[in-house]
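Please read it alongside the sequence and the coordinates.

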Amino acid sequence: MSVFRSYLRLMGVGWVLAREGVINALPSDGLPPMVRLGKGALSLLARRRARNEARSDRIGKAVSRLGPSYVKMGQFLATRPDVVGNAFADDLAQLQDRMPFFSMEAAQQAIRGSLGRSTDDLYLEFGEPIAAASIAQVHLALVKTPDGPKKVAVKVIRPGIRQRFNEDLEAMYLVSHLQERFVRKSRRLRPVDVTRTLEQTTRIEMDLRLEAAALSEMAENTVDDPGFRLPEVDWERTGRDVVTMEWIDGIKMSDVEALKAQGHDLQHLAVTLIQSFLRHTLRDGFFHADMHPGNLFVDPKGEIVAVDMGIVGRLGKKERRVLAEILFGFITRDYMRVAEAHFEAGYVPSHHDKASFAQAIRAIGEPIHGQSAETISMGKLLTLLFEITEIFDMATQTQLINLQKTMVVVEGVSRMLDPRFNMWKASEPVVAKWIEDNLGPKRVLADMKDGLKAALKLAEAIPEIADKTETLHNEIVAMSKDGLRFDAATADAIGRAEARHSRSGRVALWFGVLILAYLAGLATYIILN
């Protein structure tokens with residue numbers, strides 16, 4: 001039945017996309033004749049006013065009608081031009097994560113359910129919502145402190161969002177599985193893994209305790225960093241569905257004129273932002289993955305304050321080393337170094353020629369270095385990299401998706417502050433220092449230290465490994481004599497599962513046929529009338 005429900009949801013999604021003119025706006029180039037014919041038939045269902053609107057407006061209205069889950073999916077796909085194409089990625093990037101407020105009563109119930117106390121007990125004042133997004137909304141409140149009343153921001157989860165997301169996720173997985181199965185070229189893009197990444201990041205974002213923990217962790221990491229900080233978390237008033245944190249009296253980075261009016265050095269802020277991001281990524285392996293200008297404030301001291309850490313990214317030592325090698329290779333125009341980093345990491349299959357890949361990288365890097373500061377763009381670099389991934393059979397690296405998106409966003413914010421911002425020049429001090437500390441003699445010492453720790457752990461585990469090996473040996477010997485057997489309950493469960501799978505598959509197949517027949521008949525009726 002879950003497959004049947006997913007098809008129903010997909011039918012509803014298709015109807016909304018058709019009515020809002022999104023299908024009509026899709027490019028027809030390269031489509032098979034039958035698919036082009038179906039697209040033309042569905043385009044007739046578009047509202048008359050939608051046909052005259054820009055594609056980004058159509059997408060925005062359709063996604064808003066579909067609900068919070070699809071707003072999140074749209075924003076997520078905006079970071080994947082390799083999946084949806086550059087034009088659609090640009091359109092999706094314009095999606096505004098703005099949703100209607102939910103009631104004060106619902107917010108107060110969520111807080112009581114999460115913390116076991118009423119808002120009257122927790123706060124001196126609990127105000128009306130001031131901002132709402134797909135996952136949660138924010139209230140301004142006052143709490144009692146030894147120094148007197150203090151303003152705090154209270155973020156409350158949207159009622160019913162988890163159940164709605166779980167239901168929509170089934171349809172998203174169905175589409176990604178169908179794409180991998182029937183669209184061969186899409187397999188290297190790993191659409192199922194992309195959906196799994198979306199699921200993981202959104203589930204983390206919907207547990208506000210994890211956001212509070214992320215704020216706390218990054219605050220510890222950056223305590224000595226110049227010009228960057230995080231709001232303090234009020235753990236007494238934080239739970240699964242609510243997080244209370246320091247209220248930031250500052251100017252949003254999106255308000256450039258206000259920053260100028262307050263006398264802030266915009267060029268310095270731009271450099272501080274990109275260097276802070278790279279420092280978090282390379283040094284800590286932990287970064288804020290939603291650093292759009294609405295989540296960045298400048299306080300009266302001139303420090304950048306990042307809020308809303310529902311989405312974070314992590315990189316292991318291997319990924320950090322590869323990232324540093326690639327960035328430093330581009331900065332120093334050492335394209336063979338960039339190619340070797342890709343091959344050593346396994347990003348490019350070993351049967352390809354390293355020199356040919358270095359040549360392709362040079363074709364990307366040289367034009368960028370030849371441009372003026374205001375035209376050098378990390379976004380352009382990633383776009384060009386995506387264009388060569390198919391030539392060299394490069395599979396999508398899902399662990400780098402958040403990093404790619406955030407790097408482009410952070411560069412965009414820095415360029416908004418300073419139109420002549422040079423990404424490479426600003427990055428070089430941080431990247432060079434990290435390479436000096438981690439890819440030189442210090443790396444050898446660190447690797448020896450890690451290897452010694454691993455050897456000690458292995459030595460401690462040897463008795464347990466020996467016991468498990470003996471048990472496994474005995475089980476294999478017994479299996480070779482008596483064969484592999486299931487108990488009656490296991491065999492019965494397997495039989496029921498197979499029968500259920502066959503029935504759902506047949507129902508889904510016939511339902512799909514009926515949908516196609518219905519759409520074909522509807523299109524014929526519209527054409528004739």
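In this predicted model, F357 is in contact, once its neighbours within four places in sequence are left aside, with A339, H342, F343, V348, I388, F392 and M394. F357 and M253 are the residues with the most contacts inside the largest nonpolar core, which has 98 residues. Apart from that core lies another one, of 16 residues, which includes A110, F126, V156 and V242.

**Overall make-up**

- The protein has 529 residues, of which 44% count as buried, and its secondary structure comes to 22 helices and 11 strands.
- Among the contacts in the protein with a separation of 6 or more, 69% are accounted for by residues 24 or more positions apart.

**Helix α16 and what follows it**

- Helix α16, which covers residues 335-345, has as its buried residues Y335, V338, A339, A341, H342, F343 and A345.
- Just after α16, G346 takes a positive phi of about 85°.

**The pair of helices α10 and α11**

- The axes of helix α10, residues 161-182, and helix α11, residues 191-205, come within 8 Å and cross at roughly 160°.
- That crossing angle makes α10 roughly antiparallel to α11, because angles over 145 degrees count as roughly antiparallel.
- The crossing in which α10 passes α11 is right-handed.
- On the side of α10, the contact is made by F165, N166, L169, M172, Y173, S176, H177, Q179 and E180, while α11 contributes P191, V192, T195, R196, L198, E199, T202 and R203.
- Sorted by class, the contact of α10 with α11 holds 7 nonpolar, 6 polar and 4 charged residues.
- P191, found in helix α11, is buried, with a relative accessible area of 9%.
- The C-alpha atom of P191 is separated by 8.8 Å from that of V175, although the two residues are 16 residues apart along the chain.

**Loop residues with positive phi**

- D308, found in the loop between β10 (304-306) and β11 (312-314), has a phi near 55°, a positive value in a residue other than glycine.
- The relative accessible area of D308 is 22%, which means that this residue is partly exposed, because only values under 20% count as buried.
- R333, placed in the loop between α15 (317-332) and α16, likewise has a positive phi in a residue other than glycine, with a value near 65°.

**A buried loop residue**

- H264 lies in the loop between α13 (256-261) and α14 (266-284), and at 17% relative accessibility H264 counts as buried, because that value is under 20%.
- With its neighbours within four places in sequence left aside, H264 is in contact with L259, L269, V298, D299, P300 and G302.

Key
Residues are numbered from 1 along each chain as its sequence is written. This is a predicted model: local features need pLDDT of at least 70, side-chain atom pairs count only at pLDDT 80 or more; totals for chains, interfaces and linings use all residues. Side-chain values use heavy atoms; hydrogens and water are left out. A nonpolar core is a set of buried Ala, Val, Leu, Ile, Met, Phe, Trp, Tyr and Cys residues joined through side-chain atoms within 4.5 Å. Buried means under 20% relative accessible area, exposed over 50%, partly exposed in between (1.4 Å probe, protein chains only). Contact means heavy atoms within 4.5 Å. Axes are lines fitted to C-alpha atoms, for helices over the stretch in contact, and angles run from 0 to 180 degrees between N-to-C directions. Helices (H or I, at least four residues) and strands (E, at least two) are DSSP runs, numbered from the N terminus. Angles under 35 degrees count as roughly parallel, over 145 as roughly antiparallel, 65 to 115 as roughly perpendicular and the rest as oblique. A crossing is left-handed if the near helix is turned anticlockwise from the far one by less than a right angle, and right-handed if clockwise. Ala, Val, Leu, Ile, Met, Phe, Trp, Tyr, Cys and Pro count as nonpolar, Asp, Glu, Lys and Arg as charged, and the others, Gly among them, as polar.
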